[in-house]
Amino acid sequence: MTPNRSNPANKPQHGQVTVKQQREQKRQEKLVEYQKQLAKRRRSKLVWWVVGSTAAVVIIGLVVASVVLAPSPPRQYEAGSEGATIDGVETFENTAEHVEGVVEYEQSPPAGGPHNAVWLNCGVYDQPVPNENAVHSMEHSAVWVTYNPDEVAGDELAALKSHLPSTYVVLSPYEGLETPIVMSNWNQQLKVDSADDERIGEFFEEYWRSQNAPEPNAACTGAYDAPGKQ
């Protein structure tokens with residue numbers, strides 16, 4: 001017997017929800033939940049994109065900084081004299097013997113002469129070093145670079161350091177210089193006004209590890225570290 005759909009008993013009463021309406025409500029709830037999940041995933045992707053981009057920028061910045069700020073490698077010079085003439089170089093005749101105590105040198109800074117039996121370890125010093133030990137280093141064919149700390153500092157000092165080889169060189173401040181910078185090797189000396197003077201490099205080319213020193217290529221390490229060694 002076919003049910004009578006017009007029968008009031010088969011109609012939804014006031015306030016009741018039909019099956020169709022229930023299905024539509026569930027569909028809408030699922031759609032809202034899906035949209036929430038989709039929005040959440042989008043936010044997560046955006047966060048990771050921002051984090052990844054920031055990290056990439058930081059890494060690139062560090063790489064660039066490491067390249068830009070990395071110290072320049074030491075200059076390379078050929079050992080031995082080529083007999084070149086350098087304008088302004090003074091030459092002297094100093095003897096080489098070991099003595100004790102303080103020595104009164106004919107040149108200031110010294111360019112050779114009597115000296116302490118212990119040599120100064122080559123390297124960079126930010127305090128004045130004993131003449132007697134530094135002269136012994138020059139006896140071993142090191143170049144002693146001295147500068148007036150009141151005139152050579154900051155970028156000028158950095159420019160001066162850029163000329164230095166990795167070994168057989170002493171750099172130290174020195175009071176009372178006639179010029180801001182003085183280059184000294186055994187029995188040779190050059191006075192310059194600026195770290196940009198091209199003769200600084202020429203002096204190294206000619207006199208660094210010179211075979212004309214009393215004891216060429218003897219050790220320049222393993223002895224005395226004066227105060228201020230870097």
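**Disulfide, sheet, core and aromatic pairs**

Visitor: Which cysteine does a disulfide join to C122?

Guide: A disulfide joins C122 to C220, with an S to S distance of 1.5 Å. The term denotes a pair of cysteine sulfur atoms within 2.5 Å.

Visitor: What should I know about the model and its numbering?

Guide: This is a predicted model: local features need pLDDT of at least 70, side-chain atom pairs count only at pLDDT 80 or more, and totals for chains, interfaces and linings use all residues. Residues are numbered from 1 along each chain as its sequence is written, and side-chain values use heavy atoms, with hydrogens and water left out.

Visitor: How many disulfides does the rule give, and what is the hand of the link of C122 and C220?

Guide: The count comes to one disulfide. The link of C122 and C220 is right-handed, with 40° about the S-S bond. The pair links distant parts of the chain, 98 residues apart: C122 is in the loop between β1 (90-91) and β2 (123-124), and C220 is in the segment after α4 (199-207). Helices (H or I, at least four residues) and strands (E, at least two) are DSSP runs, numbered from the N terminus.

Visitor: Why does C122 count as buried, and why does C220?

Guide: Buried means under 20% relative accessible area, exposed means over 50%, and partly exposed is in between, with a 1.4 Å probe and protein chains only. C122 counts as buried because its relative accessibility is 12%. C220 counts as buried because its value is 4%.

Visitor: On to the overall fold. How many helices and strands does the protein chain have, and in what pattern?

Guide: The protein chain has four helices and six strands. Read along the sequence, they follow α-β-β-α-β-α-β-β-β-α. Of its 230 residues, 35% count as buried.

Visitor: What is the order of the strands in the sheet?

Guide: The sheet is open, has six strands with mixed pairing, and runs in the order β1-β6-β5-β3-β4-β2. The edge strands are β1 and β2, each pairing on one side only. Two strands pair if DSSP finds at least two bridges between them.

Visitor: Are β3 and β4 parallel or antiparallel?

Guide: β3 and β4 pair in the parallel sense, over five bridges. T146 has S172 in β4 as its bridge partner.

Visitor: Which strands does α4 lie across?

Guide: α4 lies across β3, β4, β5 and β6 (188-192), and runs at about 170° to β6. Axes here are lines fitted to C-alpha atoms, for helices over the stretch in contact, and angles run from 0 to 180 degrees between N-to-C directions.

Visitor: And α2, how many of its residues are buried?

Guide: Helix α2 (residues 131-139) is mostly covered, with nine of its nine residues buried. Those buried residues pack against β3 (143-147), β4 (169-173) and β5 (181-185); contact means heavy atoms within 4.5 Å. S141, which follows α2, has a positive phi near 80°.

Visitor: Which residues have the most contacts inside the largest nonpolar core?

Guide: They are V145, L160, I181, M183 and F204, in a core of 42 residues. At least two residues of this core come from each of α2, β3, α3 (154-161), β4, β5, β6 and α4. Such a core is a set of buried Ala, Val, Leu, Ile, Met, Phe, Trp, Tyr and Cys residues joined through side-chain atoms within 4.5 Å.

Visitor: What does V145 touch, not counting residues up to four places away in sequence?

Guide: The residues that V145 touches include L160, V170, I181, M183 and F204.

Visitor: Changing topic: how many aromatic pairs are found in the whole structure?

Guide: The search finds four aromatic pairs. The pair of Y77 and W208 is tilted, because the ring centres are 6.3 Å apart and the planes are at 55°. Rings of Phe, Tyr and Trp (its six-membered ring) pair if their centres lie within 6.5 Å; planes under 30 degrees apart count as stacked, over 60 as edge-to-face and the rest as tilted.

Visitor: Where do Y77 and W208 sit in the chain?

Guide: Y77 is in the loop between α1 (19-69) and β1, and W208 is in the segment after α4, 131 residues apart. Y77 and W208 are both buried. With F204, they form one aromatic cluster.
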